[in-house]
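This report is written for a reader who meets the structure for the first time.

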Amino acid sequence: MRADRRRFLTIAAAASGAALLPSSRVLAGDGIRRWQGTALGADASLQLVGLSERMADRLVERCLQEVTRLERALSLFRPDSALVQLNHKGRLDAPPADLVRVMQEAVTYGHLTDGAFDITTQPLWTLYAEHFATNGADAAGPPVSAVAAVQALIDFRAVEVEPSRITFARPGMAVTLNGIAQGYITDRIAELLLNEGLSDVLVDMGEVRALGRHPAGRPWRVSIRQVNNDGPSLDLTGALATSATNGTCFDPGGRFGHILDPRSGRPAPGPRQVSVRAGTASRADALSTAFLLMPPSAAAGLAGQLGGITLIPQAAV
């Protein structure tokens, strides 16, 4: 099992709005029922222990339905999604509970990381994407003045998230759940299976969450995928997420990575990557993004302060 960053924002566009497409059936082996397919446009998998084929098929179908349901709330590329409506109007009344929950959690990480993690960077992402999509685009990136103008719209503190309503304080703001949505969805699938009575499960919906143990009696073992090859392996209890500066780039030259610093308006310096092991996939997802944008000493200090976090810095290759 490889754990890598398959980002919700870019892969959802590539998938043309298709939430989750099963590409292979459940197969038995070593006491494990395995499903491999596509979730949110990226490779996904489930490993379920101790089930009949019929039960495994039923639960996989439940998981596919749940991902589709979550995409209707969280996708940036479904015209009918709640997130798209929010970004278009700057306000959303009676928002889906999942959108409220993930945005409240994201705002918490914004405060914890002193703004390194900020879900309001979507206008900045759009600026870079549109700049490099233009013929003859300046290889140095968008003009400094354009970056500064967009930065005036970036501030997670200017988003009010309540169960009854989500609002933006400034016209033109927009939210991306790029750094937390796949972790959140991974956690929801793990919870679904736990509530169905499963105790030994490995879920990969863009980030990885391990419940229980491998049927051989050992922990689940995953490898950290680097940009061009597999990285080190580790025993996993809880969740694992990885962020890399050069996992996806705006420009053909690979100088402008997709992880943007909300404070400078520039891409995270690299190449480098960070993996985080935590109790939940959403926590690991958000912190791996933030730690990539923080000085290593500050990232290590925050990981120690929070507790239950393992920070695994690596060079991206």
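A94 lies in the loop between β6 and α4 of this predicted model. Although A94 is not a glycine, its phi is positive, at about 50 degrees. Most residues other than glycine have a negative phi. A94 counts as exposed, with a relative accessibility of 65%.

The loop between β6 (91-93) and α4 (97-112) also holds P96. P96 is partly exposed, its relative accessible area being 31%. Apart from its neighbours within four places in sequence, P96 is in contact with A73 and A82. The C-alpha atom of P96 is separated by 9.2 Å from that of S164, and these two residues are 68 residues apart along the chain.

D114 is placed in another loop, the one between α4 and α5 (122-133). D114 has a positive phi of about 55 degrees and is not a glycine. With a relative accessible area of 59%, D114 is exposed.

| Residue | Relative accessible area | Class |
|---|---|---|
| A94 | 65% | exposed |
| P96 | 31% | partly exposed |
| D114 | 59% | exposed |

Is helix α8 enclosed by the rest of the structure or open to the outside, and why? Eleven of its twelve residues are buried, so α8 is largely enclosed by the rest of the structure. Among the buried residues of α8 are A281, D285, L287, T289 and F291. The helix spans residues 281-292 and reaches 17 Å from its first C-alpha to its last, close to the 16 Å expected at 1.5 Å a residue.

Rolling a probe the size of a water molecule over the atoms shows where empty space is left. A search of the whole structure finds one cavity of 30 Å³ or more. The largest cavity has a volume of about 200 Å³. It is lined by 17 residues, of which D118, T121, T176, N178 and T289 are the closest to its centre. The lining comprises nine nonpolar, six polar and two charged residues.

Turning to the whole chain, the secondary structure consists of nine helices and 15 strands. Of the 317 residues in the protein chain, 56% are buried. Where contacts join residues at least 6 apart in sequence, 64% of them link residues at least 24 apart. The protein chain has an accessible surface of about 13000 Å², and carbon and sulfur atoms account for 51% of that surface.

Key
Residues numbered from 1 in each chain as written. Predicted model: local features only at pLDDT ≥ 70, side-chain atom pairs only at ≥ 80, totals over all residues. Heavy atoms only, no water. Helix = DSSP H or I, 4+ residues; strand = E, 2+ residues; numbered from the N terminus. Buried < 20%, exposed > 50% of the residue type's maximum accessible area, 1.4 Å probe, protein only. Contact = heavy atoms within 4.5 Å. Areas by Shrake-Rupley, 256 points an atom, 1.4 Å probe, with all protein chains shown as cover. 1 Å grid on protein atoms, 1.4 Å probe; cavity = no way out; pocket = protein on both sides within 12 Å on 5 of 7 lines; lining within 4 Å. Points joined across faces, edges and corners; volume = space filled by probe spheres on them. Nonpolar A, V, L, I, M, F, W, Y, C, P; charged D, E, K, R; others polar. Expected span 1.5 Å × (residues − 1).
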